[in-house]
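These are notes for a colleague who has not seen this model before. Please read them with the sequence and the structure open side by side.

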Amino acid sequence: MSQAEDIESVDEDGVIESVSGPVVTATDLDARMNDVVYVGDEGLMGEVIEIEGNLTTIQVYEETSGVGPGEPVQNTGEPLSVDLGPGMLDSIYDGVQRPLDVLEEKMGTAFLDRGVDAPGIDLEKQWEFVPEVETGDTVEPGDVVGTVEETVTIDHKVMVPPDYEGGEVTSVGSGEFTVEETVVELDNGEAIQMHQEWPVREARPAGDKETPTEPLVTGQRVQDGLFPLAKGGTAAIPGPFGSGKTVTQQQLAKWSDADIVVYIGCGERGNEMTEVIEDFPELPDPQTGNPLMARTCLIANTSNMPVAARESCIYTGITIAEYYRDMGYDVALMADSTSRWAEAMREISSRLEEMPGEEGYPAYLAAALSEFYERAGKFQLINGGEGSISVVGAVSPPGGDFSEPVTQNTLRIVKTFWALDADLAERRHFPSINWNESYSLYKDQLDPWWESNVAGDWAETRQWAVDVLDEEDELQEIVQLVGKDALPEDQQLTLEVARYLREAWLQQNALHDVDTYCEPEKTYRMLTAIKTFNDEAFEALDAGVPPEEITDVDAAPQLNRMGTAEEWEEFIDEIENDLKEQLRALY
Ligand code: ADP
């Protein structure tokens, strides 16, 4: 954020009346709701959240210890905004869009100090502006006037800001400019620069939402295969501590086929975020081979950072996502974890002595969550194009109890639910996405895409797998009572097929070089190989072969090696041939 320069436009200073953690009250401050203010002698950034008569309540986005009554409060008169422009990709920000590396230089330490203002984007850097309009052209809000090569992967589109009127182009620059220099002028006097500010709590304007029909391909079999997310869809990953939320989110950030990734580490432990910060710059993007960071913006608000900034990091992240959406990109936003944001709301609300709702969360928890997820979608853009934001929120229910308010309120909003399961994680079945509890409401609308891009019988094959897993679930109850051997032979075989579905197909090792990413064709072929085993096994059973001989064939356990096989096409063809040969030899 770059409100520092606006500080001269300050009206009257207020005076701090009280300080309670991140909540500060001030008297005599001339302010409106959501104005950004600078609090105390150090000028800590805060936001007005309540006004009652002469008393203004502020949530402060920096640590307030040592700040006391009597110190001044200055109003910028501006809402909390982000500075949008080239240079956001490949950046790592704190919750109020201060670049961590710049802060580190200024403060000599990472994970920041207080009262330091640093612009969200580099104001001095020169970018090569390539115009896409000419003098005499008419442009409207949202229209692209030129591009800048922001990273090796992404062309940044310089757009007429949505709150401009638009008009006829009277001059166009070409060549090197800083983001503050004017590149295009309009006949009504409007000057377009390569950056624009936008208030984070206000969704950037867009046209209608469309029904998403393309999947966000994740490269994770259980997600693509059973519970797909649409580009422009919403998903939640709830799971107890240690069940794999962070790994799952990071896998999505690394491998999903979004153009742009905004990754928000919200209130999670510092070491997890450090892992992301260290890992990502090293990793290649599977689609382009370029560094992953070239399409990624990281926002890190770790658990040791001020609580109130968890809220601003969520809003900052979604606003950055909307800006790239407006360029026509497919953006994926990961928030890890929305529970920490909800806890911040709870803390602020209790300090405000508001009437608590369920489990102490404020009554507006549901509204805040749905407003956030509502900003996801596949949109028609105001410039006539299309762009999307997919939002994936991790939820960390205490004790893994999904009946708690954050999980329940999230469930009412999102359409894909990847339920992580402590038992599966305990048994080292990863990703620990529980196939009985999880769901995707996008399945039907995405099937045509998979069918025309991967395999004509995608939906049918998936349904076969779902049926086998369902049957296994029912049979397990009987097995627990009477043992597997008491089952009829065909059901014993079904259990064996289901075991391969779980172990060879649903399990996927994020830490294995090959298995970490599974392209849709491979996901499909692995499944059809297991189905081949199923079909051949039942043929053999019909021909009178005992089940233990069927399951004993050498080729069957090879199914478990498909995920890690590098030359998977040959490998899977070979297994299928061997399976057929060996099973047919039994009768
Ligand atoms: P959470 O964020 O829910 O507390 P993590 O994402 O940190 O849990 O996962 C805990 C551990 O589980 C990881 O350190 C890793 O060892 C293991 N794990 C989780 N998901 C996978 C996966 N897909 N493949 C391999 N290991 C995994």
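1. Threonine 178 sits in the loop between strand S14 (175–177) and S15. Helices (H or I, at least four residues) and strands (E, at least two) are DSSP runs, numbered from the N terminus. Threonine 178 is buried, at 11% relative accessibility. The burial classes are as follows: buried is under 20% relative accessible area, exposed is over 50%, and partly exposed is in between, with a 1.4 Å probe and protein chains only. Neighbours within four places in sequence set aside, threonine 178 is in contact with Leu123, Glu124, Lys125, Gln126 and Met194. Contact stands for heavy atoms within 4.5 Å.

2. A word on the source. This is a predicted model, in which local features need pLDDT of at least 70 and side-chain atom pairs count only at pLDDT 80 or more, while totals for chains, interfaces and linings use all residues. Residues are numbered from 1 along each chain as its sequence is written, and side-chain values use heavy atoms, with hydrogens and water left out.

3. Leucine 123, one of the contacts of threonine 178, belongs to the loop between helix H1 (100–107) and strand S9 (127–131). The two residues are 55 residues apart in sequence, and their C-alpha atoms are 6.3 Å apart in space. Leucine 123 is partly exposed, its relative accessible area being 22%. Beyond its neighbours within four places in sequence, leucine 123 touches Asp83, Thr178, Val179 and Glu180.

4. Strands count as paired if DSSP finds at least two bridges between them. Three bridges link strand S13 (residues 167–172) to strand S15 (residues 182–186) in the antiparallel sense. Valine 169 has leucine 186 in S15 as its bridge partner.

5. Valine 37 has glycine 46 as its bridge partner in S4, and tyrosine 38 has methionine 45. S3 and S4 make a hairpin with four residues between them, and glycine 40 in the turn has a positive phi of about 80°. S3 also pairs over four bridges with strand S6 (residues 72–79), again antiparallel. There the bridge partner of valine 39 is valine 73.

6. Is S3 enclosed or open? Five of the five residues of S3 are buried, so the strand is largely enclosed by the rest of the structure. In a regular strand the side chains alternate between the two faces of the sheet. In S3, Asp35, Val37 and Val39 point one way, and Val36 and Tyr38 the other.

7. Glycine 66 is in the loop between strand S5 (55–60) and S6. Its relative accessibility is 76%, so glycine 66 counts as exposed. Its C-alpha atom is separated by 20 Å from that of threonine 56, 10 residues apart along the chain.

8. Helix H3 (residues 245–255) is largely enclosed by the rest of the structure, because 10 of its 11 residues are buried. Among them are Lys245, Gln250, Leu252 and Trp255.

9. The UniProt entry, which is unreviewed, annotates residues 448–546 as "domain: ATP synthase A/B type C-terminal". UniProt positions are given here in the numbering of the model, with feature names shortened, and annotations may be inferred rather than shown by experiment. In the model, this span is 73% helix and 0% strand, and its end C-alpha atoms lie 40 Å apart.
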